[in-house]
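Here are my notes on the model you sent over.

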Amino acid sequence: MPFDKLLEPLDLGFTQLKNRVLMGSMHTMLEELPGGHEKAAAFYAERARGQVGLIITGGIAPNKEGVVFTGAASLDEPSQIPGHKQITDAVHQEGGKICMQILHTGRYAYHQGCVAPSAIQAPININKPREMSHEDIVRTIADFVNCAYLAKEAGYDGVEVMGSEGYLINQFLVRRTNKRTDEWGGTYENRMRFPLEIVKGIRDRLGEDFIIVYRLSMLDLVEDGSTWDEVVQLGKAIEQAGANIINTGIGWHEARVPTIASNVPRGAFSWVTARMKNELSIPLVTTNRINTPELAEEILAKGHADMISMARPFLADPELVLKASENRSHEINTCIACNQACLDHTFTLQRCSCLVNPRACHETELNYEATSSSKKIAVIGAGPAGMASATIAAERGHKVVLYESSDSIGGQFKLAQRIPGKEDYAETIRYFEKMIAKHKVDLKLNTRVEIDDLISHSFDEVIIATGVKPRTLDIEGADHPAVVSYHEAIMNPEQIGNRVAVIGAGGIGFDVSELLVHDDSTKEMAIEEFMQEWGVDTSMSVPGFFKEPRPKEAKRKVYLLKRSTGKHGKGLGKTTGWIHRSSLKNKDVEMLSNVEYQKIDDAGLHIRVGTEDRLIEVDNIVVCAGQISLDDYSEAIKAAGINCHVIGGADEAKELDAKRAINQAAILASKI
Ligand code: NAP
Ligand code: SF4
């Protein structure tokens, strides 16, 4: 597919962007590490080499009050310029352009000195902000301008003023968080004065040849947020004040609507930018869950926006644009919107990376260099760990044979892709399929390789990635015909009855429950259905555009059980756990903790909860009780004197997860 629209340059008058792709801001935590600017420079330079039209950095605070957490990055002193210059020089050497995002977190800051227009605590922060005085506000505007000035001195092509996601600027704009009665509160003219003064101040100080992107919160998705008329009024005023580009912001961090998780349909929010297109004349950027060049091209072709922002897709594959331009989009390692190694890391103050590309944010440490001594390597098992180790080792020049006992590659991802909202996991299997062919991995499907074969083929190294087998139940009636494994339930949901007990509330228990409450088809949810299910007011009549969620009726009655006490889903991802929980609650899934399983018979599942005996009358019981490692090889291989490595679930079933498996595989394959 040619990408005529996507690859078309964008003329901003004083400067040209090489195409319509903007790499959206992501807080990688690199800047906060020792030697962080060098790491960040390598990270951004690789994306510039991959032909991104315009890069926006992670948020940098204009003063110490605005940092995300104590010690997080700010640009408020000239002494900080050399560090940033490393980044801008590296990007410019690759022919790229880069803007620095100025982010003041306001009441979202994780430190006790946080400030806000009014002293109202955010529901997602333990710290209560101090109300800003008039002098604080004037000084903060000056800090934004000074920060932009220092950014220009450091070589940035421009700045993005972060006006969305519920941060300080957003907090000024809406009555929910701004109860002031002075010239910064009350009427909308007063409430929008703060961002306008910032944009005007930057333009006045820095002249015309400096890019100003403004991230406009188009849908707050919180009660008492902006109305559409207010958003349009602000957009027009920001354009007048001198911005060159307006980027779309969707949802405050405290919103109870998923906006970028995998259950959000692809391109679900581009209709919002499209609506703003009629109102403004400067270029508009659309965003959220756009993860392929094909979809980006389609959105541009429909005229919904002038540019496409993708953030996480550039963690997954720095060469996304380059591959599209060379007609190799099938080779793109697609972001599956899992958040597991990016946002979940950032929100727990760990360095960001990517589940499907562990090199992301590790460009100075993890590299797949060509080998000087090619080895014969056997990889057993074509799940995530096996696929990753085989393809990276082959890319480096080793001769790799990949054995898989079933008739296709993918391992646990073959199950994951069947879960509603996880359809994108199929993209990872497609990517590895292409890499297996490209790097000439000798794939042997339907082959349960024998130890003798491994020995007789004289492999130099054997990598065991045979994964796991599900744990079975050890209670009376565990062999009752109503009991099924999660594998059976996921592969054949149409054979599961209308009332189901799911034993085990880990990631798989949640996934199985999600599958069973939906229709027995894995069709991706339509955008309008998603908006209804989560309460997005697409008529835009309610301020903030958030209304009562109206989920579809559940297909089955599901009980999700666990032995431990406490909240369900505690072990799920920091940024997605609440979505999985809400989704099941919306479908009336009954979540029981502190459960003792007693027996299974024709009547159903007998349990005790505390001191109460209870019968759960169900047609089926699905066992999602974790896994045990599956490794029938390593002992014999080691005994035969062959170098042997055990990775993924085969190594550590308890920690079975694709992030760990692929990372472990990549590190091994980079060194072998
Ligand atoms: P898991 O997270 O270990 O959960 C299995 C649960 O089964 C345990 O938490 C335990 O909970 C229960 N259990 C263990 N032994 C049992 C027994 N003998 N009888 C009854 N219950 C028993 O395993 P999983 O759900 O299979 O997930 C595996 C991995 O896949 C996870 O670590 C995760 O990384 C990944 N994954 C994640 C997601 C996600 O985040 N959305 C989705 C899918 C998979 P109790 O002791 O409380 O009963
Ligand atoms: Fe995308 Fe998951 Fe990688 Fe984050 S960790 S960039 S969501 S694939």
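1. Lys 547 sits in the loop that runs between helix 19 (527-534) and strand 20 (557-561); helices (H or I, at least four residues) and strands (E, at least two) are DSSP runs, numbered from the N terminus. With a relative accessibility of 31%, Lys 547 counts as partly exposed. Here buried means under 20% relative accessible area, exposed means over 50%, and partly exposed is in between, using a 1.4 Å probe and protein chains only. Ser 133 is 414 residues from Lys 547 along the chain, and their C-alpha atoms are separated by 34 Å.

2. A word on the ground rules. This is a predicted model, in which local features need pLDDT of at least 70 and side-chain atom pairs count only at pLDDT 80 or more, while totals for chains, interfaces and linings use all residues. Residues are numbered from 1 along each chain as its sequence is written, chains are lettered from A and ligands numbered from 1 in the order in which they are written, and side-chain values use heavy atoms, with hydrogens and water left out.

3. Which residues surround ligand 2? They are Arg 312, Leu 315, Cys 335, Ile 336, Ala 337, Cys 338, Asn 339, Ala 341, Cys 342, Cys 354 and Leu 355, where a residue is near a molecule if one of its heavy atoms lies within 4 Å of it. This shell divides into 9 nonpolar, 1 polar and 1 charged. In that count, Ala, Val, Leu, Ile, Met, Phe, Trp, Tyr, Cys and Pro are nonpolar, Asp, Glu, Lys and Arg are charged, and the others, Gly among them, are polar.

4. Next, the core. The largest nonpolar core holds 158 residues, of which Phe 194, Ile 202, Tyr 214 and Leu 219 touch the most other members. Such a core is a set of buried Ala, Val, Leu, Ile, Met, Phe, Trp, Tyr and Cys residues joined through side-chain atoms within 4.5 Å. Helix 3 (residues 134-153) gives the most to this core, with 8 residues. Because domain 1 (10-346) and domain 2 (376-466 + 631-671) both give residues to this core, it lies between them; the domain bounds come from an automatic or database domain assignment.

5. Ile 169 and His 104 are 65 residues apart in sequence, and 7.7 Å apart in space from C-alpha to C-alpha.

6. Please look at two backbone angles. Most residues other than glycine have a negative phi. Gln 51 is not a glycine, yet has a positive phi of about 80 degrees; it lies in the loop between helix 1 (36-49) and strand 4 (54-60) and is partly exposed at 27%. Asp 224, not a glycine either, has a positive phi of about 65 degrees. Asp 224 is in the loop between strand 9 (211-219) and helix 7 (228-241), and its relative accessible area of 42% makes it partly exposed.

7. Finally, Leu 349 belongs to the loop between helix 12 (343-346) and strand 13 (376-380). Leu 349 is partly exposed at 48% relative accessibility. Thr 28 is 321 residues from Leu 349 along the chain, with 9.5 Å between their C-alpha atoms.
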